[in-house]
Amino acid sequence: MENKQVPDEERKINRLIKQRTVISFTVFILLIIGAVICWNWFNNSPEDNGALRPLRKVLTANEDIGRKLFKNRNLAKEYPKSKAENKVRVNGDIGMGDEFDANKWHLIIMRHPDCASKDSILELSLEDVKGFPKKDLVFDFKCIEGWSQITYWGGTRFIDFLMKYHLGTHSGRSIDINHPEDIYNYVGMMTPDSSYYVGIDMLSAMHPQTLLCYEMNGAALPMNQGFPLRLIIPLKYGVKNIKRIGYIYFSDSKPKDYWYEQGYEYDASL
Amino acid sequence: MIYWANDVYKLGWGDKTLLKFFPDSFYAALHLDARLAKGMAFHFFFMWLFFVNGFLYVLYTIISGEWRLLLPNRKSFKEAFQVLLHDLHLSKYEPPKDKYNAAQRIVYTAIIIMGFGSLATGLAIYKPIQFQWLCTLLGGYEWARIEHFVLTIGYVLFFIIHIVQVLLAGWNNFQAMVTGFEVESLPPTPPDNTIIKTDSKE
């Protein structure tokens, strides 16, 4: 390009190249700056029950989608007893303190959130809980930490238990699927020392595989598996399968939940 | 991100471990120990970004017709091998290419398939009882987890190679990635000696 007669066409093109390059790189750099700003905003946002607020919002939205999508809950796959693990993994020990006196244990149930009257509290023995047809369940127990294990449990179907004692309804009548408005939204459970507690949506609690469990591998529950009574709920991660139930109560708002407060999602549904 | 509390990811059998993907020093260095809840929260947040981004990208390639330049063709597999030899400096021959060379075609298509794989295995792990059929299809819960993890390792490798290739390709290529076109000067003199090729090589 020695001669000065640079064609108009070429100058135009050069200008166009320059323009587009500048615009593109400006957008590119702005996007990077935007990403950094977003990230900082994200990390400095306040916490809601142990999770950064934007993350908590997304977790809650995910749970809402899950609840709408999976109205008819599937059954968890069941296995033959021969497939069950002999050495059942012990993971959590919160609420499993040594001071527990099995002889004094009673299951205490609050029919309604405000237990004003004496008859809204029900006190049951282990024999009472066992007074139902026993359901054996061999399933793949899944831990939120990433491991899973095929384990064998036995107990009373929670739905049978609710029906017999007329629990889980505002009216105090037996649960009627045709009157969902009468059913409490949640059931809460707590260890006798109140140190571990879970909240479970009633749809999952009423699932036919949800058990008040008193047996493991065909024998009484070991101490470290929550003797005398624990929850087995295949539709949820292990964290919801509370050991050593001391209290059961019903509520329309979310009962407090140990791991939810630590930043996990509430439902923990599978 | 999800495996900060219970590290099940290692190569080995029984109690023997060949390789731990995330040794304890990894967590210590990044201050990531015992933060499973946060990891999960991020995971279930970014899954939406992953899905929406992938969806829009695929939609764009379909609408723009770019897919024609991205899908491998009959010659691609042979040429991809030649590209490999060339890039490793084992051969001087560089096979002809359009916007993307044969290796890029294969890899950029594979990454989309991997994306679908991550989506499917992810859903299977996320709701293994509600998506029981999907979980079974993928070989069961444990297998779906492994597949999901292997795919993730695949992305990491893709990312590393991608970055190295961009560094090796030089500034002009990087500029093209950002602006969407590459400037080429042509030696022959006819009137306009600069042309715009709408060309970007990512």
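This is a predicted model: local features need pLDDT of at least 70, side-chain atom pairs count only at pLDDT 80 or more; totals for chains, interfaces and linings use all residues.
Helix H5 spans residues 102-126 of chain B and helix H7 spans residues 141-169 of chain B, and the two pack at an angle of about 145° with their axes 9 Å apart; here axes are lines fitted to C-alpha atoms, for helices over the stretch in contact, and angles run from 0 to 180 degrees between N-to-C directions. Helices (H or I, at least four residues) and strands (E, at least two) are DSSP runs, numbered from the N terminus. The residues of H5(B) that meet H7(B) include B:Ile111, B:Met114 and B:Ile125, and those of H7(B) include B:Leu151 and B:Phe158, where contact requires that the C-beta atoms of two residues, placed from the backbone, lie within 7 Å. This contact of H5(B) with H7(B) divides into seven nonpolar, six polar and two charged residues, with Ala, Val, Leu, Ile, Met, Phe, Trp, Tyr, Cys and Pro counted as nonpolar, Asp, Glu, Lys and Arg as charged, and the others, Gly among them, as polar.

Residues are numbered from 1 along each chain as its sequence is written, while chains are lettered from A and ligands numbered from 1 in the order in which they are written. Local features of the model need pLDDT of at least 70 and side-chain atom pairs count only at pLDDT 80 or more, whereas totals for chains, interfaces and linings use all residues.

Between the chains, 32 residues of chain A are in contact with 29 residues of chain B. On the side of chain A that touches chain B, the elements giving two or more residues are H1 and H2 of chain A, and the largest share, 10 residues, comes from H1(A). The residues of this side of chain A comprise 16 nonpolar, 10 polar and six charged.

Helix H2 of chain A (residues 53-69) packs against helix H2 of chain B (residues 36-64) at an angle of about 70°, with their axes 9 Å apart. H2(A) is therefore roughly perpendicular to H2(B), on a scale where angles under 35 degrees count as roughly parallel, over 145 as roughly antiparallel, 65 to 115 as roughly perpendicular and the rest as oblique. The crossing of H2(A) and H2(B) is left-handed. In this pair, A:Leu55, A:Val58, A:Leu59 and A:Asn62 meet B:Ala41, B:Phe42, B:Phe44 and B:Phe45, and the contact has seven nonpolar, one polar and no charged residues.

Among the residues in contact are A:Arg20 and A:Phe28 of H1(A) and B:Val178 of H8(B), and by class the contact has three nonpolar, four polar and one charged residues.

Within chain A, five strands form an open sheet of mixed pairing in the order S4-S3-S12-S7-S8, two strands being paired if DSSP finds at least two bridges between them. Strand S4 (121-124) and strand S8 (197-201) of chain A are the edge strands, each pairing on one side only.

Technical notes. A crossing is left-handed if the near helix is turned anticlockwise from the far one by less than a right angle, and right-handed if clockwise.
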